[in-house]
Amino acid sequence: MSKYLNEKLIPKVMAFINTKAIQALKDGMVYSMPLLIVGSIFLILANFPIEAVANALAESGITDILNQAYGATFNISAMVAVIGISYNYVKSEGQEPLSGAIISLSIFLILMPSSVTTESGEVVGGVINKTWTAGQGMIGAIIIGLVVGYIYAWFLKRNIRIKMPAGVPAGVANAFSALIPAGVIITGATVLHGIFSMGFHTTVMEAIYKAIQTPLQGMTDSLGGAILMCFLVPFLWVFGVHGSTIVGGIMSGLLQANTLENQAILDSGKELTIANGGHIVTQQFLDQFINVTGAGLTIGMVIYMVAFARSKQLKTLGRLEMVPAIFNINEPILFGVPVVMNPILAVPFIAMPVISCVIQYFALATGICPLYSGILVPWTCPPIISGFLVGGWRSALLQVIIFILSFLVYLPFIRKVDGMNLKAEEAAANAADDDEDW
């Protein structure tokens, strides 16, 4: 089985992961993370948990100012994604990427709704609707970023461009190189918009949302979809593949869309519940309960290594790992114990995230813990603090329970490894003594 995975399955998985499209998706989505994390600070302040303070902020007008910053960070994540994905795709093709990214943004705006209907029924045109520049436009942004990036690079790779003579500044030359692909792409997008608008009375972005994004978000929000995601992260790590980056990169678009839609429910004045369309599986679901303390929820193993290990190897590694684990970094023990390619530790390493996934899913589904709003924290934020920030004291308490389970799940397996290491160390020490006596 291990030979099949190493020789057949993993190479195919890596071939897919290393395609230009997946790499552009993974790298392009990262650009929105600083905005989302910083925007979370303004979101927390605008919705301050102490009612008296919140009322004072609202009455003074400060809340509106905070919401302006929140709206300019959270609610443009899809726009940032379309730029980032296209930029990275064109760059991977060895072409000048910025012009392609700008064209992608233009296409994104062409294909999204440009009007809103007020409560009185009046249609206001000529607007950029932030509903579509955030969560609802995320899958459309991914598709547009990849398609426009591919077409733009196709033109340049075949020298279908206006060439300027030597000596012309690079910025000017790049602008003229982009004219022909820009003309073709923008014209094609305009025709496509016309077909959907006049023929189907909708927009391309709305069609993508209904036909693709809604079903995909439903799949990620199911227990089966959540378990599969949480299984793949440690499974890939066992074979030395960075599962956190790969799964997170591919899934981040959908998870962020779920997160942003949850916040949109709150912004509309509704209670964030499943009945009101709230999502269970969001970015926080993965970050704070699956990858917390590192992939595989290895904090339980680290606690054993620090407090109970008998072998020098595990004791030393445990002391070295304790501080990184607090900041959700566990590569030292993944490769030092090791966990990678270790059939004994692979069992709890894969099982623990799945256990955490199931417990968290039912805690959210039953209302024991609140659904996550739009508040995101940096992935290095220490556990318990991160749980409190994204979900209050109940989510922080759930993290503590998960960490206790992590210790119990890892205990028999890491104890077995510890015993094996101790015997090896004792044998090495005896051999060294025999050599000295000789």
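Residues are numbered from 1 along each chain as its sequence is written. Because the model is predicted, local features need pLDDT of at least 70 and side-chain atom pairs count only at pLDDT 80 or more, while totals for chains, interfaces and linings use all residues, and side-chain values use heavy atoms, with hydrogens and water left out.

Begin by selecting residues 97–111, which form helix α7; helices here are DSSP runs of H or I with at least four residues, numbered from the N terminus. At the start of α7, look for a side-chain oxygen of E96, which comes to within 2.9 Å of the backbone nitrogen of L98. Next colour the buried residues of α7, among them I103, I107, F108 and L111, where buried means under 20% relative accessible area with a 1.4 Å probe, protein chains only.

Now select F108 together with M229 and F285, which touch the most other members of the largest nonpolar core, a set of 106 residues. Such a core consists of buried Ala, Val, Leu, Ile, Met, Phe, Trp, Tyr and Cys residues joined through side-chain atoms within 4.5 Å. Helix α19 (residues 385–437) gives the most to this core, with ten residues.

C230 is buried, with a relative accessible area of 0%, and C357 is buried with a value of 0%.

Key
Buried means under 20% relative accessible area, exposed over 50%, partly exposed in between (1.4 Å probe, protein chains only). Helices (H or I, at least four residues) and strands (E, at least two) are DSSP runs, numbered from the N terminus. The expected span of a helix is 1.5 Å times one less than its number of residues. A polar contact is a pair of N or O atoms within 3.5 Å; within protein, one must be able to donate a hydrogen and the other to accept it, and residues adjacent in sequence count only if both atoms are side-chain atoms.
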